Amino acid sequence: MSDDTPRKSPIATRRQVLAGISALPFMGMLGGKVNAADYPTAEVNTTGLAVTDDKVTVGILHSVTGTMAISETGSVQAEKLAIKQINDMGGVLGRQIDFIQEDGASDWPTFAEKAKKLLVQDKVASVMGCWTSASRKAVLPVFEQYNGMLYYPTFYEGLEESPNVIYTGQEATQQIIAGIDWVAQNKGAKSFYLLGSDYIWPRTSNKIARKHIDKLGLEVVGEEYYPLGHTQFNSVINKIKLRKPDVIYAIVVGGSNVAFYKQLKAAGIDMTKEKPLLLTISVTEDEILGIGGENIVGAYACMKYFQSLPNDNNAEFVKAFKEMWGDEIVIGDVTQAAYLGPWLWKMAVEKAGSFDIDKVREASPGIEFTKAPEGYVRIHENHHLWSKTRVGHALDDGQYEVVFETEDLVEPDPFPEGYQ
Amino acid sequence: MIGDYTLVEFSSILAMQGFAGLILFSVFVLMALGLAIIFGQMGVINMAHGEFMILGAYVTWLCSHFVTAYVPALFPIYFFIAMALAFLASGALGMLVEWAMIRHLYKRPLDTLLATWGLSLILQQLYRSVFGAREVGVSLPDWMMGSIALTDIIEVPINGIFVMVLTMLISLGVFILMFRSAWGRRVRAVVQNRAMAGAVGINTKKVDRVTFGLGCGVAGVAGSAFTMIGSTGPTAGQLYIVDTFLVVVFGGAASLIGTIASAFTISQAQSTMEFFMSGSMAKVLTLLTVVGILMLRPEGLFTLKMRR
């Protein structure tokens with residue numbers, strides 16, 4: 001479990017405390033110092049959640065074992081960092097956050113079982129968790145039945161809007177449309193080759209992409225799906241060479257990713273020449289660790305957050321993250337989205353003046369987080385976030401350089417027309 | 001399809017497609033060879049085969065780190081050292097597993113399936129605990145990446161050639177060992193009749209252990225080579241296991257020639273079909289064909305005639 005243990009030295013701890021203290025003045029912005037005594041437990045907790053006079057318990061539900069541990073590790077780390085920072089600032093309604101961590105073990109029924117345990121047995125006030133759509137779909141009935149609140153961090157295909165979930169990642173249209181507009185306008189792209197792993201997210205995303213490409217009057221010259229875990233991409237690379245698209249639009253995930261980019265490079269497609277240009281929505285800095293920066297340099301990625309994002313919030317966030325989890329660590333889009341979860345929950349609770357799920361839900365829309373590493377986010381009525389979309393250019397050291405960001409926040413639209 | 005393309009383009013693509021098939025063939029042979037030795041010769045269903053491969057991959061990763069840190073001059077050729085170490089590490093682990101677990105199960109071949117599956121889960125979690133849950137990137141010397149451009153369109157990936165040559169050498173080595181050496185004769189004797197082989201003075205226990213170790217060692221080399229084309233993570237071994245079993249079972253479990261013939265058939269079929277339809281459909285059709293043929297020939301393509 002080397003990944004899960006924070007590298008704590010006395011110095012780092014002291015530094016963290018100092019960081020906490022230095023954040024104190026800024027609490028004024030968030031509603032001033034709150035005393036638990038001002039909010040008697042009987043009033044802020046009328047539904048029997050795990051809230052005492054000085055403590056509130058939340059759940060963390062991710063896979064730390066099994067296939068998905070690869071991706072979910074970063075989310076767990078981000079959530080723990082956010083909880084720690086909130087505690088250093090005085091907690092929520094004067095109560096320190098305590099967390100119970102459960103392991104979904106990359107198995108969807110296990111996720112549902114653990115979700116039920118957290119809600120029914122532990123009575124947690126909210127849950128930060130899930131990564132794949134499959135795990136979210138598995139826990140959804142549990143959250144709706146027992147009225148829990150889930151903060152879900154991953155960018156996903158949309159087509160969902162539950163009163164019991166706050167989606168802190170982007171839904172598909174937010175992530176896709178701006179990216180395609182950008183390559184069409186700035187790179188003169190006319191033809192696209194859509195490629196993805198064979199399951200719901202890449203398929204829905206490509207459907208949205210194709211529709212938008214058609215709308216712009218451009219051309220899709222190929223669309224292909226490969227089974228999850230596929231490791232041989234030579235045939236499709238030959239097809240791409242034959243069709244000569246301007247853009248390869250790749251939504252390959254998991255272990256396949258590594259194989260795809262290594263083979264693309266080995267087949268003589270130099271992405272820095274941008275002929276064809278490669279645009280992906282599935283490769284964050286986390287994935288590049290496995291792919292190797294030198295194998296993907298020159299590619300473009302379209303998402304809402306990159307570790308290199310130049311703003312003060314992000315500089316602080318990256319610094320705090322590295323202090324807690326080590327210098328070697330990289331931070332991808334979903335990790336940042338997971339970091340938003342505890343903060344958005346804290347603000348909703350404080351706005352509602354209550355831990356009750358129904359009141360938190362009512363208070364959530366309209367909540368703004370001005371200290372978000374990605375800049376600024378706001379919760380939409382549909383429980384997704386208003387956020388900006390950005391395009392990053394992959395460098396050979398495994399980081400992205402941000403080359404474009406939308407001027408305005410992009411409105412979340414989980415049910416785009418024609419997909420219901 | 002030919003309509004939109006010039007003849008040159010089309011023939012180039014045909015050539016590259018043929019080459020892609022050959023690379024896939026080499027990959028299949030390399031990953032199946034270790035399993036064919038263990039499954040075919042010993043009757044042990046080794047579900048942990050993929051994890052032995054990944055051990056090789058991790059050894060390669062460790063090697064690349066060690067070499068970059070301490071002897072950067074060796075970096076261009078470190079891969080050969082890494083493969084040798086991968087063979088030793090996986091082979092040693094294989095012999096340990098044989099001693100601790102497999103040898104108690106020779107009379108119950110189906111139980112080996114369950115036991116080695118458990119072993120694969122244990123190894124996966126072990127890798128996760130030791131190396132972390134995230135995938136690791138193995139950096140390769142420059143000369144191994146990239147491609148040789150034969151014409152404007154035809155480009156041959158260097159790592160593909162590397163895998164092909166490696167596969168040929170290893171297959172050759174295994175063949176000499178199995179069919180031209182005294183040790184190979186003993187292995188085959190034990191396979192055909194364990195009791196009789198023991199009676200004529202062959203140390204069957206030792207033969208079993210070394211055979212299992214050899215199979216795992218070859219898996220380690222395969223894993224090491226696959227760092228060039230695939231990912232290295234705790235569960236990456238699972239990506240290979242289905243194809244590996246497919247190749248071995250389709251070829252006829254007891255026949256090494258069968259394994260090679262079956263790897264050739266499946267790889268060519270798959271890469272040709274992938275070109276004309278989508279990847280998922282190609283996979284479905286390949287599997288259907290294999291199931292169909294196995295229904296007609298349950299023993300696989302090649303069978304050894306032997307007395308049971």
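At what angle do H3(A) and H13(A) pack, and how far apart are their axes? About 35°, with the axes 8 Å apart. Helices here are DSSP runs of H or I with at least four residues, strands are E runs of at least two, and both are numbered from the N terminus. Axes are lines fitted to C-alpha atoms, for helices over the stretch in contact, and angles run from 0 to 180 degrees between N-to-C directions.

Some ground rules. This is a predicted model, where local features need pLDDT of at least 70, side-chain atom pairs count only at pLDDT 80 or more, and totals for chains, interfaces and linings use all residues. Residues are numbered from 1 along each chain as its sequence is written, while chains are lettered from A and ligands numbered from 1 in the order in which they are written.

Back to that helix pair. Residues in contact have C-beta atoms, placed from the backbone, within 7 Å. On H3(A), they include A:Gly74, A:Ala78 and A:Ile86. On H13(A), they include A:Val334, A:Tyr339 and A:Trp343. By class, this contact has 10 nonpolar, 5 polar and 2 charged residues. Nonpolar covers Ala, Val, Leu, Ile, Met, Phe, Trp, Tyr, Cys and Pro; charged covers Asp, Glu, Lys and Arg; the others, Gly among them, are polar.

Now the domains of chain A. Their bounds come from an automatic or database domain assignment. Domain 1 is 10–169 + 309–387, and domain 2 is 172–303 + 391–405. Taken over C-alpha atoms, their centres are 31 Å apart. Each domain of chain A puts 15 residues into the contact. On the domain 1 side, H3 (69–88) and H13 (333–352) of chain A each supply at least two residues. That side divides into 7 nonpolar, 6 polar and 2 charged.

Next, a sheet. Chain A has an open sheet of 7 strands, in the order S7-S6-S8-S9-S10-S14-S15, with mixed pairing. Two strands pair if DSSP finds at least two bridges between them. S7 (219–226) and S15 (400–405) of chain A are the edge strands, each pairing on one side only. Direction ignored, neighbouring strands are turned by 25° against each other on average. S14 (390–394) and S15 of chain A pair antiparallel over 5 bridges. There, A:Arg390 stands opposite A:Glu405. Helix H8 (234–243) of chain A packs on the sheet, touching S6, S7 and S8 of chain A. The direction of this helix makes about 175° with that of S7(A).

Two backbone details. Most residues other than glycine have a negative phi, and most peptide bonds are trans. A:Leu93, not a glycine, has a positive phi of about 50°. A:Leu93 lies in the loop between H3 and S2 of chain A. A cis peptide bond joins A:Lys275 and A:Pro276, with omega about 0°. A:Pro276 is in the loop between H9 and S9 of chain A.

Last, chain B. Its contact with chain A takes 44 residues from chain B and 38 from chain A. H1(B) gives the most to the chain B side, with 8 residues.

Definitions and conventions
Two residues are in contact if their C-beta atoms, placed from the backbone, lie within 7 Å.
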